[in-house]
Amino acid sequence: MLQGPYGSLERDRPLIRLPFTTFIVGTLLLPLTGMIACLFISLLYHFEDATYTHCRVSNYLPSISSAISRVPERYIWRCCIGLHSASRYLVTFAYFSFYRSCFAKRMVELLLSGLALVCSLAENTGLLLLTYVSSTETYTVHKNGFIVFIASSLLHMLITCRLWQVNRKYSVNPEELTSYRWKVRLFLFNVSCCLAAAYFFRRHNKYCEQGVYTLFALFEYLVVLSNMAFHLTAFWDFRSKEVMVATPPEDKRY
C-alpha cells in the first residue's frame, strides 16, 4: 500500500483551528483599522479635497465616502473590506444555521431567519459595492450601494433583535442575555445616528451652513462604528464555538 508523507493522524488533524471569539474580533478589526487609517491619511494629506463640498463652506471632517475615494486610502479600504468579507459571509450562514436549530418548530421565526439571512447577504454585498466603486468613479452606483448597505443593515438588526427576544424566553444563558441587551442598545443607537446623519446631510445641502457637513460626517462614523459593534455581539453568541479548516476524511477500505 502506498503512503504519503503524512500519516493518517496528521492528515486528519485540522489545518486551522481558532476560537470563534478570536475569529470575530480579527474580522472586525480589519474594517475598523482600515477606517481609522483612511480618515487619518485624509485629514493629514488630503484635508482640502476630502472636506470639500459643492457648498464651498468650511468643514473639518471628511465623510467616509470621501475618505476612501483617494489614493492610497482607496486601496487600504478595499484591501481591509475584501479580506474581511469572506469571514462576514461565513458568520452570516453560521447565524442562519443557529436560528434553524433554535426555531425548528416555529414557522414565523424560521421565515424571519431566512429574511435575516437575505438582509445580511445584502448588507455585505452593498458594502462591497460601495467599497469597490468609489464616489469619485461612479457616484450613482456608489450611492445605491450605500443605500442597500444602510437599509439592509437596519432591517437585519431589527429582525435579529426580534429573534433574540424570542430566543431569550427559552434560554437562561447569561451570555445570550447580555448579547440580546447589547443588540437592542446598539440597534437603537444606530437608528438614532442614521436619523441625525440624514438630518445634517439634508440641512447641509439645503442651507450650506458652515460645519454642518462635519456633524453629518461625525454621525456617519458613529453609524459605521455601532454597526461593527452590533456584529461584535457574536462574541457572546458563539463564545464556546471554534472555526476549523480541515481536510475531509478519506474513505477507509478493508
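Okay, let's start with a pair: Arg203 and Glu209 form a salt bridge, and their closest N and O atoms are 2.4 Å apart. Keep in mind that this is a predicted model. How exposed are the two partners, then? Arg203 comes out as partly exposed, at 29% relative accessibility, and Glu209 is partly exposed too, at 26%.

Now, the helix, α8. It runs over residues 174-207, so 34 residues, and at 1.5 Å a residue that should span 50 Å. The end C-alpha atoms sit 49 Å apart, which agrees. At the start of α8, Asn173 has a side-chain oxygen within 2.9 Å of the backbone nitrogen of Glu175. At the other end, what follows α8? That's Cys208, and its phi is positive, near 55 degrees.

Back to Glu175, because this residue has a salt bridge as well: its side chain meets that of Arg239, at 3.3 Å, N to O, and with 29% relative accessible area Glu175 counts as partly exposed. This pair links distant parts of the chain, 64 residues apart: Glu175 is in helix α8, while Arg239 is in the loop between α10 (234-237) and β2 (242-245). Arg239 is partly exposed, with a relative accessible area of 38%.

One more of them, then: Glu109 with Arg106, 3.1 Å from N to O. Which side of the cut-off does Glu109 fall on, buried or exposed? Buried means under 20%, so at 4% relative accessibility Glu109 is buried. Arg106, on the other hand, is partly exposed, with a relative accessible area of 33%.

Note on methods. Residues numbered from 1 in each chain as written. Predicted model: local features only at pLDDT ≥ 70, side-chain atom pairs only at ≥ 80, totals over all residues. Heavy atoms only, no water. Helix = DSSP H or I, 4+ residues; strand = E, 2+ residues; numbered from the N terminus. Expected span 1.5 Å × (residues − 1). Polar contact = N/O pair within 3.5 Å; in protein donor to acceptor, adjacent residues only side chain to side chain. Salt bridge = Lys/Arg side-chain N within 4 Å of Asp/Glu carboxyl O. Buried < 20%, exposed > 50% of the residue type's maximum accessible area, 1.4 Å probe, protein only.
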